[in-house]
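Here are some exercises to work through with the model open beside you. Try each task before you read its solution.

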Amino acid sequence: MDEKKLGLRDVVAVSVGLVIATSSLVSIGQGAGRIGELFIVAMIIACIFNMITMATMAELNALMPNTTGGLAQYTLAGIGPLPTMVLMVGGYFASNILSSGVEASIFAYAMGEVIPLPLPNYCWTLLISVIILIANLRGVDMFAKIQNLVCYLLLGSMLIMGLIGVFGLGTGAVVQQPAVMNATPKNVIAMTATAFWLFIGAEYAIPISKDVRNAKRNVPLGMFLGLGLICLVQSIMVLGFHRYTRWADLMNSAAPHMLYGSNLLGMPGKIWMAFVAALAVISSQNSSVQALSAIAQGMTKMNMMPQCFGKTNRYKVPHVGVWFVTIAILVCGYISQDSSERISFLIQVGSVFWMLSYIVAHIDLLVFRKRLPHAPRNFKVPGGPVLPLIGISGIVYMICNISTDFHTRMMIYLATGVTFAALSVWSVLWIKLRMKMPLMKPVPINKVLAMENSMFYKVRRNKGLCR
């Protein structure tokens, strides 16, 4: 874009957009159902870990500004082509498409409960996806307008619903129950793995940084503000749960947000929560389609994706990526529809992929700190290597506690391992045959930045250095 059109408000909206999703509404209820209001402490811990990751992302962006591939380009320069391809395709594309498909399924199920129609619930997924597809094909202006409207309506609705519960203003019966359950440090720490999912995705502001005014200030600040707002609003929701919904009912419900809305205000509350779920799926899927298509476009510049993903329409939108992501989301939504067990499992698998990509981001930063200690940065994570190492340790712990059930945890690890094994084989073949690069040799930063120019690979192809 020749003109930078996005400001701090837009960055906050994008950061919030993918984080607050219908699966997050489910996770809040189920987390609170296990330990009561003490879940707020777990959320704060998880929020802090995510803020550390966002600080890492902000420094990487400051070191390599205006890169359209984001983490893909950071990892290519930091570690090399093989981990870049495996983590980006598995850690970002697979996890985001999976989670967006699941979000659409949860939304469709909620709409089917509120507005029963003589049609499959999947029709709601199709409708939302088509609307978001059209908006994203129209370019960054249309994307930002939808994202801002949906994001702030979503935050406002959740805040109001939470405050109605906190102050006992609902029309339903107030529940008498203890504020805290299972109050041990071990239980709180164990619930941070559940709470971590509530804050994943704020880094989606990074790919749009090239369109942001004063990006060195607005991108990191917008991500931090977005996470802080989310933590505040979700904490108020937990306090509202305490007054109107029994903890055991929340823990056992497949749609705890719908249960709370019904208990709080009856049918109007249920409808309102369905509206919140609709906003959440629009917000998260809108962010996914926009950011993933931009990342795919950036990866074509590194010859890590088929070149068709780099083509743009008259609105300068990478339209092939927009179509691909939308269709993939529809497929995942169809697979997971009307099955709470499949939905829960796919969310957990996607979460592991995502957390692994966060670990790689911290490793990238540590590598650059060692290799380029004096390179100019307009943002730097304080404390030297301490915070990135804390971030890695916390995420590893959360992966080890991704599920309290041993069998489910092993199945999650198996699905993750098989996926990464398949991606590794495909990546090795692509890098050797297409890119013609060493698998684990980092590419110099200046060379990665040069890849943003369309002439880079034209020259390489003319010299026979790649295909």
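**Exercise 1.** In which helix is the place of W124? Then decide whether W124 is buried or exposed, and list what W124 contacts beyond its neighbours within four places in sequence.

*Solution.* Keep in mind throughout that this is a predicted model.
- Step 1: find the element. W124 sits in helix α6, which covers residues 122-137.
- Step 2: check accessibility. The relative accessibility of W124 is 18%, and buried means under 20%, so W124 counts as buried.
- Step 3: look for partners. With neighbours within four places in sequence set aside, W124 touches F107, A108, M111, G112, I115 and L117.
- Step 4: pick one of these partners, A108. The C-alpha atoms of W124 and A108 are 5.3 Å apart, while 16 residues separate the two in sequence.

**Exercise 2.** Describe how helix α3 packs against helix α8, and say what kinds of residue form the contact.

*Solution.* 
- Step 1: take the geometry. Helix α3 (residues 39-63) and helix α8 (residues 185-196) have axes 8 Å apart and meet at an angle of about 60 degrees.
- Step 2: classify the angle. Roughly perpendicular begins at 65 degrees and roughly parallel ends under 35, so α3 is oblique to α8.
- Step 3: The crossing of α3 past α8 is right-handed.
- Step 4: name the residues. From α3 come F39, V41, A42, M43, I45, A46, F49 and N50, and they meet V188, M191, T192, T194, A195 and F196 of α8.
- Step 5: sort them. The contact of α3 with α8 holds 11 nonpolar residues, three polar and no charged.

**Exercise 3.** Now do likewise for helix α12 and helix α13: what is the angle between them, and which residues make the contact?

*Solution.* 
- Step 1: the angle between α12 (residues 267-301) and α13 (residues 319-336) is about 135 degrees, with 8 Å between the axes.
- Step 2: roughly antiparallel needs over 145 degrees, so this pair, too, is oblique.
- Step 3: α12 passes α13 in a right-handed crossing.
- Step 4: α12 contributes Q285, S288, V289, L292 and S293, and α13 contributes G321, V322, V325, T326 and I329.
- Step 5: these residues of α12 and α13 divide into five nonpolar, five polar and no charged.

**Exercise 4.** How many aromatic pairs are there with ring centres within 6.5 Å? Classify the pairs F196 with Y358 and W426 with W430.

*Solution.* 
- Step 1: the count comes to eight aromatic pairs.
- Step 2: for F196 and Y358, the ring centres are 6.2 Å apart and the planes stand at 70 degrees, so the pair is edge-to-face.
- Step 3: F196 belongs to helix α8 and Y358 to helix α14 (residues 340-371), so the pair ties together parts 162 residues apart in sequence. Both F196 and Y358 are buried.
- Step 4: for W426 and W430, the ring centres are 5.6 Å apart and the planes are at 35 degrees, so this pair is tilted.
- Step 5: W426 and W430 are four residues apart in helix α16 (residues 406-435), and therefore about one helical turn separates them.
- Step 6: compare accessibility. W426 is partly exposed at 36% relative accessible area, whereas W430 is buried at 16%.

**Exercise 5.** Is H242 buried or exposed, and which residues does H242 contact?

*Solution.* 
- Step 1: H242 lies in helix α9, residues 215-244.
- Step 2: the relative accessible area of H242 is 17%, so H242 is buried.
- Step 3: leaving aside neighbours within four places in sequence, H242 is in contact with E37, V175, Q177, P178, A179 and W247.

Definitions and conventions:
Residues numbered from 1 in each chain as written. Predicted model: local features only at pLDDT ≥ 70, side-chain atom pairs only at ≥ 80, totals over all residues. Heavy atoms only, no water. Axes fitted to C-alpha atoms, helices over the stretch in contact; angles between N-to-C directions. Helix = DSSP H or I, 4+ residues; strand = E, 2+ residues; numbered from the N terminus. Parallel < 35°, antiparallel > 145°, perpendicular 65-115°, else oblique. Left-handed = near helix turned anticlockwise from the far one by under 90°. Contact = heavy atoms within 4.5 Å. Nonpolar A, V, L, I, M, F, W, Y, C, P; charged D, E, K, R; others polar. Phe/Tyr/Trp six-rings, centres within 6.5 Å; stacked < 30°, edge-to-face > 60°. Buried < 20%, exposed > 50% of the residue type's maximum accessible area, 1.4 Å probe, protein only.
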